[in-house]
Amino acid sequence: NFPYYELIKYGRFTPLAAMEYNLIGLFSKSPSPFWYYFYHAMQFIVFVLIFLKILQWSIPKKSTRYLIIVLLSLLPGFTFVWFRTQLTERNFIFFLAAFILFFVDYIKEKHLRYFALALLSANLTIYYKETAFIVIGAFAFLYLLLSWKQSDKKIKKLCALIILSSLIYLI
């Protein structure tokens, strides 16, 4: 098993940090570094697809969306975070993008699977990065506040559960 990476004594509380590497251990007794970085590459490909879908909502020109992805991929800070082990920012970015995608999909289509995936990705985001509970909780609170009259009960329920998740993390 991958060693539990927790730095509470240094003021860091990221209980899910490096837990994804245990998946690799399920397939091999002694996996090579290739498989750890292969996981990062696969997660990056899925992230790019999610981010392209998000960009599609606001940028109509396809070439501009791809240019943004290429430029983002070439930024040293982005590649440093994405392709090093045990950095929680990679998973924070990934699950935050997934949360935004599923949240908007739930607003559009009201399917139970989008509700569950938005709630799951919000909670994974919260537990991968210490300050994520503020980002996710503030997002849900402000969305609830600003769309109170227009939102139906299902969206209000999702926002309330996300706020509750953020408050539970805080406690």
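Guide: What follows is a set of questions about labels, each answered by setting a value against its definition.

Guide: This is a predicted model, in which local features need pLDDT of at least 70, side-chain atom pairs count only at pLDDT 80 or more, and totals for chains, interfaces and linings use all residues. Residues are numbered from 1 along each chain as its sequence is written, and side-chain values use heavy atoms, with hydrogens and water left out.

Visitor: How many helices and strands are there in the protein?

Guide: The protein has 8 helices and 0 strands, where helices (H or I, at least four residues) and strands (E, at least two) are DSSP runs, numbered from the N terminus.

Visitor: Why is the pair Lys129 and Glu89 called a salt bridge?

Guide: A salt bridge needs a side-chain nitrogen of Lys or Arg within 4 Å of a carboxyl oxygen of Asp or Glu; the closest N and O atoms of Lys129 and Glu89 are 2.8 Å apart, so the pair meets the rule. By this rule the count comes to 1 salt bridge. The pair links distant parts of the chain, with Lys129 in the loop between helix 6 and helix 7 and Glu89 in helix 5, 40 residues apart.

Visitor: What makes Lys129 count as buried or exposed?

Guide: Buried means under 20% relative accessible area, exposed over 50%, and partly exposed in between (1.4 Å probe, protein chains only). Lys129 has 14% relative accessibility and therefore counts as buried, whereas Glu89 is partly exposed because its relative accessible area is 25%.

Visitor: What makes a group of residues a nonpolar core?

Guide: The group must be a set of buried Ala, Val, Leu, Ile, Met, Phe, Trp, Tyr and Cys residues joined through side-chain atoms within 4.5 Å. The largest such core here has 36 residues, and those with the most contacts inside it are Ile50, Phe99, Leu158 and Ile162. Helix 5 gives the most to this core, with 9 residues.

Visitor: Which residues is Ile50 in contact with, leaving aside its neighbours within four places in sequence?

Guide: Contact means heavy atoms within 4.5 Å, and Ile50 is in contact with Phe94, Ala97, Ala98 and Leu101 once those neighbours are left aside.

Visitor: Which residues of helix 6 and helix 7 meet?

Guide: Ala122, Thr125 and Ile126 in helix 6 meet Ala132, Phe133 and Ile136 in helix 7. The residues of this contact divide into 5 nonpolar, 1 polar and no charged, where Ala, Val, Leu, Ile, Met, Phe, Trp, Tyr, Cys and Pro count as nonpolar, Asp, Glu, Lys and Arg as charged, and the others, Gly among them, as polar.
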